[in-house]
Amino acid sequence: MFKTVLTAFTGTCRQPALVRNYGKHNKKFLYKDGVKINNIYFYPNSECSSHKLPEAGEPSKLFRVRRIKPVKGCPHWEKRILRDLGLYEVNAVAVVKNIPENNARLWKVKHLVEVLPITFPHGEPTAADIDYTFLKEDGSCVVVKELDTRTVRDKRLEAAVQFTQTEERMDGETLRKDSRLKWLNPW
C-alpha cells in the first residue's frame with residue numbers, strides 16, 4: 001500500500017516525495033552538465049524538455065530600475081543602497097549603468113526592485129536629441145525627431161481651406177438642428 005501512495009504523488013519532473021537528505025549535498029556531482037554562456041553557467045533540466053537556454057546577445061548599457069516593494073522592515077544596508085540609487089521614494093524610477101559595481105548593489109536588493117534593460121529602437125540619442133527623448137515603462141528609450149514646422153503648417157492651412165470650401169460639409173445651423181433632434185428622440 002505504501003508504494004502505491006508514493007508513486008501516486010510523484011510527478012514526471014520531480015524526485016520521489018519521501019526522500020530524506022541528511023548532511024550537505026555535493027552539488028559538484030549533481031550539476032556536472034552546465035553550459036557556460038558569457039561567464040554564467042546554465043543547468044538545463046534534462047527531464048523536462050520545455051526548458052530552453054537563454055539566447056546570448058548584446059548586453060544593455062543601461063537599466064531602468066523601479067522599486068516595487070516597501071522598505072519598511074528592511075535592514076539599514078538595503079535602505080542605504082536604495083537611497084544611493086535614488087529609489088527610496090514610492091514607485092521611484094532610476095536609470096543605472098550596467099557595470100559590475102551597480103550590478104552587485106542591485107543583486108543585494110533584487111527582491112525590492114524591478115530591473116529592465118533599456119533598448120533604443122530608433123537609435124541612441126545624441127546631445128542634440130536630449131529634449132526630444134523619453135523613456136517608456138517597458139524600457140524602450142524613444143527619440144522623437146524634430147518636425148519641419150513649415151511643411152506641417154502649410155498642410156494644415158491647405159486642409160482648413162479645403163474644408164471650408166466643400167459643399168458637403170454641415171454648417172452650424174444644421175448641426176444644431178440635428179443635435180436637438182437626437183436629444184429629443186435618442187432612440
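User: Which residues does Ser 140 touch, not counting residues up to four places away in sequence?

Analyst: Contact means heavy atoms within 4.5 Å. By that test Ser 140 touches Thr 119, Pro 121, Phe 134 and Leu 135. One caution on the source: this is a predicted model, where local features need pLDDT of at least 70, side-chain atom pairs count only at pLDDT 80 or more, and totals for chains, interfaces and linings use all residues. Residues are numbered from 1 along each chain as its sequence is written, and side-chain values use heavy atoms, with hydrogens and water left out.

User: Where does Ser 140 sit in the secondary structure?

Analyst: Helices (H or I, at least four residues) and strands (E, at least two) are DSSP runs, numbered from the N terminus. Ser 140 is in the loop between β6 (133-135) and β7 (141-143).

User: Is Ser 140 buried or exposed?

Analyst: Buried means under 20% relative accessible area, exposed over 50%, and partly exposed in between (1.4 Å probe, protein chains only). Ser 140 has 9% relative accessibility, so Ser 140 counts as buried.

User: What joins the side chains of Ser 140 and Asp 138?

Analyst: A polar contact is a pair of N or O atoms within 3.5 Å; within protein, one must be able to donate a hydrogen and the other to accept it, and residues adjacent in sequence count only if both atoms are side-chain atoms. The side chains of Ser 140 and Asp 138 make one at 2.9 Å.

User: How many helices and strands does the chain have?

Analyst: There are six helices and seven strands. Read from the N terminus, their order is α-α-β-β-β-α-β-α-β-β-β-α-α. Of the 187 residues in the chain, 16% are buried. Take the contacts between residues at least 6 apart in sequence: 48% of them join residues at least 24 apart.

User: At what angle do α3 and α4 pack?

Analyst: Axes are lines fitted to C-alpha atoms, for helices over the stretch in contact, and angles run from 0 to 180 degrees between N-to-C directions. For α3 (residues 76-85) and α4 (residues 100-108) the angle is about 135°, and the axes are 10 Å apart. Therefore α3 is oblique to α4. The classes are these: under 35 degrees is roughly parallel, over 145 roughly antiparallel, 65 to 115 roughly perpendicular, and the rest oblique.

User: Which residues of α3 and α4 make the contact?

Analyst: From α3 come Glu 78, Ile 81, Asp 84 and Leu 85; from α4 come Arg 105, Leu 106 and Lys 108. By class, the contact has three nonpolar residues, no polar ones and four charged. Here Ala, Val, Leu, Ile, Met, Phe, Trp, Tyr, Cys and Pro count as nonpolar, Asp, Glu, Lys and Arg as charged, and the others, Gly among them, as polar.

User: Turn to Asn 98. Where is the place of Asn 98?

Analyst: Asn 98 is in the loop between β4 and α4. Its relative accessibility is 25%, so Asn 98 counts as partly exposed. Asn 98 touches Pro 59, Ser 60, Lys 61, Phe 63 and Asn 103, leaving out residues up to four places away in sequence. With Asn 103 there is a side-chain to side-chain polar contact of 2.9 Å. Pro 59 is 39 residues from Asn 98 in sequence, yet 8.5 Å away in space, C-alpha to C-alpha.

User: Which residues does Ser 60 touch, by that count?

Analyst: Ser 60 touches Asn 98, Pro 117 and Ile 118, not counting residues up to four places away in sequence. Ser 60 lies in the loop between β2 (40-42) and β3 (62-67). Its relative accessible area is 16%, so Ser 60 is buried. A polar atom of the Ser 60 side chain lies 2.7 Å from the backbone oxygen of Leu 62.

User: What is phi of Asn 91 near?

Analyst: Phi is near 55°, a positive value in a residue other than glycine. Asn 91 lies in the loop between α3 and β4 (93-97). At 52% relative accessibility, Asn 91 is exposed.
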